[in-house]
Structures are given as structure tokens and as C-alpha cells.
Number of protein chains: 2
Amino acid sequence: MKKHNFGAGPSILPQEVFEQSAQACIEYDGIGLSILEISHRSKEFTAILDESMALIKELLQVPDDYSILFLQGGANMQFNMIPYNILNEEETANFVETDIWATRAEEETRLYGKTNIIASSKVDNFTYIPKDFTVDKNATYLHLTSNNTIYGTEFFDDKAYPIPVVCDMSSDIFSRPVDVSKYHIIYAGAQKNLGCSGITLVIIKNEWLGRAKRPKSKMWDYSIYAKNNSLYNTPPVFAIYTCLLTLRWLKNLGGLAEMEQRNIAKADLLYSEIDRNPLFKGHAVKEDRSRMNINFIATNPDDEALFLEFVKPYNIHGIKGYRTVGGFRASCYNALPIESVEVLVKAMQDFERSKA
Amino acid sequence: MKKHNFGAGPSILPQEVFEQSAQACIEYDGIGLSILEISHRSKEFTAILDESMALIKELLQVPDDYSILFLQGGANMQFNMIPYNILNEEETANFVETDIWATRAEEETRLYGKTNIIASSKVDNFTYIPKDFTVDKNATYLHLTSNNTIYGTEFFDDKAYPIPVVCDMSSDIFSRPVDVSKYHIIYAGAQKNLGCSGITLVIIKNEWLGRAKRPKSKMWDYSIYAKNNSLYNTPPVFAIYTCLLTLRWLKNLGGLAEMEQRNIAKADLLYSEIDRNPLFKGHAVKEDRSRMNINFIATNPDDEALFLEFVKPYNIHGIKGYRTVGGFRASCYNALPIESVEVLVKAMQDFERSKA
């Protein structure tokens, strides 16, 4: 029986993506070959890549002066590749620290230039997104993390800043419409809302290609990916195919506006129960609550282990919280159906009744 | 109908790998989750990773003082990561240039230290492996490419050299037993003999971890992968699973000694026909002929297009040669059954008869 998968990532993808991927492993599109054995220079893979990029452009309404790149290595690799490609040695990048991932991004950047953490919610265990901060107008860019998987905070507005903005959207990309023009770089590991692990999306304003002056390795140079349509070397063919299938699913269900409505409905349902049920309470402040990663704890710490045991017969998977937060984390990515949230809410209510 | 896939890579994998991968996309091992949605920290994936590394160690008889790493980015990424991790600025690496991939490796190395191409068969269109060369004893390492996909040359002996050896085995790893102790680093993109594209194997002598003194990015530092069992960040879960399935297949058929016998049988069959059939001739000199990539041309250039058309009814796929060599390239990787080679040989004989 299929589990209700609330795992934080790699995480649930649409059921049809699982089925179509499986079919392609046996035989891709009736060509007598598995997707796992086709050349990345074949007409079949070229079509997969082109359609994937076209759907990303369409769904996110990416302006024409941006390049869409597929890379390997996850967001962690981008923590390093972004300053390597963008920041010159004497320049400064600003960071808003909202999670350990922002911290990691800032640490890697020190290898290439200067950094300045202009706001942080670290002392409050990342329960909120800092809002009152002043951007250093001489800095080269401001780095943001739109959704914070561990702590369950997220921002939903694409604000304008006086300097270019770089945003890690690994865990909420494609969960809502985004004004791409407000960012110089958007990047995301695929393994939450886009596809299986092993592929990373970078959307970059063309004027920034080749910005940093240092001599660059070909595989670490965004320009090489842009010039070669992400085919300078062998890309992860299967992982990109799972992205295409997920993007098609997104388009067919109505695109990002519809996806956002579904995500709001799921989050509202679960947060309502967290706020109502005296046995639980949320981690993040209400105005910054993530729709993707819903973190909550047991009001009585003794209930934590009990509830994790209690949900097992409900076929609920992956709700144990990260060790630095404790409690529970219900990740409600795009592909998680509202029915799974309903089951979790019912389990919370049954748990309350069982304790009455 | 399943094609006879002679493609150069990504290339054929064992049929059971296609079938078991497909099953895992639907549900992995009866756990109610797809392989595409399980956490890289789950006990299921930990078992996949551990068994993969244990099988690599067993099949290649990797000595205990080596680390086995899984990385992303293919061999191209290693062209850069190797000097980044190993070569200090004032040091020199030696290269034997046997293919454009060796050239790429040498070019990337110039970013970090000095390079010296001590032997090359470039002027002869890479028809042979240079043998009479003198290693610079003060160099930090000698870089070799054991098999050359484009030109179809390969060496089979793991020679001792007066300096450490780094070897790109992307297209022949696991095709024969290897004396790992003769190398300080062996690296290979997976997509020929190990698994699907998107995962790269590095086997490195522990004393070389942290060798180069430059400050390093975490994602570009072998030490970080070694310390974290290749789990510092999210690895490509599915791609690693295809490696495990392929490694199990290799072990079940009898390991690398048996695999080598099968590869010799396939290569002998095809080279015999190339040498016998007056319509074809081989590209590489006989003593350096690759078992993995068998390159040959039409004696009469007009026959090239005719033969490519002629083989279509035989369900033969992927034998068009690389543009710099022309003619044909029949890649006979581990998973290609001898039956496919028999079909190609029959097509060559039928072609000869059709022209008589």
C-alpha cells in the first residue's frame, strides 16, 4: 500500500511520474531502447531537454534575457558556483541567514570575495524571516533562501531590492508563480518539486554570464552550460526526464497559480489543526509559515515519541522533525495530495481523543 | 523489439537492470514508496550505498588504504577536481595524450599547476597508445586514459611508473580485473559499464586526501566526500541504485575475470570480421585495439552511408562513428550480449554478399 510521504526530500513526486519513469526504464516511447541507454545527443533526448526548458520558461514566465541551465551537484554545488561565477575578489555579497543552508552558502562565498550577513534569525532558532534589514548598496548581490526546509519558514513576495538578488528556491520552486525578473539568479536542487535527485536548475540573467573575472574551469562556468544548451558533457538523462514528466503534470493541472491554490489549501488545513489541537504547536511565527515544510512540536515533550508511533497504522511516512528543531515536520510539496494531509489531520484528532 | 545497442554512451545496461529499475520506480522493495521519493538518509538508501561500495571493493579488489567516492558531474568534472585536490601551484602533472578527453584533462589542469604532455598520438589521429615515453620523475603524477572511446584504443596492463598514476577509466572500468594498487586515483563516469548517467566513481589512495594546499570548496573537496561516505549533500539516489543493480549482475555472472573473457570473445569476433571482410578496415593499430569501442571504416568511402542504411533491418543501433574518425564505431560494453555482435557480423557478411 502506497504511503503518505511527508518526507523532506528527496520527496514525493506525482504518481504518474513514477509510472511513466518506470515505463521508460523498460522502453522509451516505443523506440526499442530504455531511457537509461539512450545517448544524450540522440534526437529523443534533445526533445526531452528542449521541452523541459520550454515548460520551465512557460510555467515561470522566464523573461527572454535569462538562460535556463541544468547542472549537477544540487544546491550545495551552487553555494560555491555562484560566487565563483559572479563575485570578484574585492566585491561583497550580502546574506539573509534564515536556515543552515543560507549559512553554508555564505561560508562558501568567503572563498571568492567578501560576505556580510545583514540579517539573521539564528539566535531565535530560525523561527522567522528577518524583514527589517538594510542592504549594502555597494554589494554585488543579496542572497536569499525563499523556503527553509528545516525550520519551516518561507516568503511569498518577490520584492525589489536596490541590488541584484540571488535566491535559493530549492524547496519551493514551482509551488507558486514567481516574478523571475526580480532575481538575477534563481537556483534549485530538483529533488523536492521538480524531479528526482541528481539534477539542479539555474535560471540566470544573461548579463551575468561570465561576470566574475577569474579563470574558470569549464565544468564550473555557467557560460559553458549556456553556450552548449547544458550539453557540454553528459547530463543525467533520466533525472532530466523525471523533471519533464513533473513539468508536464504541473502544466496539465493548470500551472503555478492552480498549484499555489492547492498548496494553500493543504497548508491551511494542517496549520488549522496545529493551532486548534492543544497537543501540538507550530515552530515558526504565523506570518512566515512555510507551505512546503510544516514544522510543529508536541506541547508535552513526552507525546513526541508516542505520536510518531501512533501514526504508523495511518501509513504516514517521514514526519519526524529535524534534530535541531525536534517534533514533527510534515513536508507538503506539490505532489503530496490533500488526501494525505487529511489523513494526518485525522491522526492528530484521533491522538487527541485517545488522550482524553 | 529491443534494439542491438552499440551506442558509445550513455549505453546499454543489463536487461535485468532496466527491469529492476522500472520496478523500483513504482515501488522499492515492498516499502510503499518509489525509489524516486526515498530519503538519502533512509535505511533503504544507506543499504544501497553500502552494498554498492562493498561490491566495488570486492570486484576490483580495492586495497584497504583507498576510499571509494560517488560524485556528480562525470569525468569532465574530474578533469578539474583532480588537479584542484592534488596539484599544488608549483607542481607538474604529466599527461599521455591518447584522445580528446586526455586533452581536456590536461587543459583543465593548467588552471592549478604546470602540465607536460610527455607523449601523444594526436598527429596520427590517435591510432595507437604511445609506449616509449619518459616520465618526469619530479612530476606529481602521470595522467593516463585507459580506453579511448572515439578512436578505439585501450591498454590492458597496469604498469608501475616511478610516480603516482591517475587514470580515467570511464569507458572500460569493470571490463577486466585491474590492479588498483598501481594507481593513486581511478575515476570513471558511470554511463558506460556502471550505471545510468549522472554519477561518477572515484577511487583514491587515502594518503592523497587533502593533498593540495589551496583552500577548497566543500563540494569540490574529496576529503569531504570521504569523511561523509559520499553523503555530505543529497546524492543521485536512482543513479546509484542502477550502479548497485549492475554491480550485482557483474558479481552473479562471475566477476571481472569472467567479464573479461566475454569481452575478449566479443571483440575477437568483430575484429576477425573487420580483418577478413575486404569492405572494412580497422582504425587503430592491432596491438592497441579497444575491446570496448571497435572503430572501423568502409574501405570504399561510398559504402559508409550504404552500410549505415543496410543495417537498419537488423535492428542495429548506434554504430555511426565519431565525426573526427568517420566510419563506424561498435561499442561493445559489458552489457552488450555476444548475440548482438553476431548480428552485426552477419550484417557485414550479408553486405559483402550484396555487393558481390
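The legends below describe close-up views of a predicted model.

**View 1. The two copies, chain A and chain B, and the axis that relates them.** Chain A can be laid on chain B by a turn of 180 degrees with a shift of 0.0 Å along the axis, and the superposition leaves an RMSD of 0.0 Å. The two copies are thus related as by a two-fold rotation axis. Of the residues of chain A, Ala22(A) comes closest to that rotation axis, its C-alpha lying at 2.0 Å. The same surface serves both copies, since 100% of the contact residues of chain A recur in chain B.

**View 2. The contact between chain A and chain B.** Chain A gives 51 residues to this contact, and chain B gives 51 residues. On the side of chain A that touches chain B, the elements that supply two or more residues are helix H1 (15-26), helix H3 (74-86) and H6 of chain A, and the largest share, six residues, comes from H1(A). By class, the residues on this side of chain A divide into 22 nonpolar, 23 polar and six charged.

**View 3. The two domains of chain A and the place where they touch.** Chain A is divided into domain 1, covering 15-252, and domain 2, covering 255-355, and the C-alpha centres of these two domains of chain A lie 27 Å apart. In the contact between them, 22 residues of domain 1 of chain A meet 23 residues of domain 2 of chain A. Strand S6 (147-148), strand S7 (153-154) and helix H6 (237-252) of chain A each supply at least two residues of the side of domain 1 that touches domain 2. That side of domain 1 of chain A has eight nonpolar, nine polar and five charged residues.

**View 4. Helix H9 of chain A, with its buried side and its exposed residues.** Helix H9 of chain A runs through residues 338-355, and at 1.5 Å a residue its 18 residues should span 26 Å, which agrees with the 26 Å between its end C-alpha atoms. Within H9(A), Ser340(A), Val341(A), Leu344(A), Ala347(A) and Met348(A) are buried. These residues cover an arc of only 115 degrees around the axis, which puts them on the same side of H9(A). The elements that cover the buried residues of H9(A) include helix H7 (255-276), helix H8 (303-310) and strand S14 (328-331) of chain A. The face of H9(A) turned away from its buried side carries the exposed residues Glu339(A), Lys346(A) and Arg353(A).

Conventions
Residues are numbered from 1 along each chain as its sequence is written. Chains are lettered from A and ligands numbered from 1 in the order in which they are written. This is a predicted model: local features need pLDDT of at least 70, side-chain atom pairs count only at pLDDT 80 or more; totals for chains, interfaces and linings use all residues. Copies are superposed by least squares on the C-alpha atoms of residues with pLDDT of at least 70 in both. Two residues are in contact if their C-beta atoms, placed from the backbone, lie within 7 Å. Domain bounds come from an automatic or database domain assignment. Helices (H or I, at least four residues) and strands (E, at least two) are DSSP runs, numbered from the N terminus. Ala, Val, Leu, Ile, Met, Phe, Trp, Tyr, Cys and Pro count as nonpolar, Asp, Glu, Lys and Arg as charged, and the others, Gly among them, as polar. The expected span of a helix is 1.5 Å times one less than its number of residues. A residue is buried if 20 or more other C-beta atoms lie within 10 Å of its own, exposed if 12 or fewer, and partly exposed in between; C-beta atoms are placed from the backbone. The arc is that of the directions from the helix axis to the C-beta atoms.
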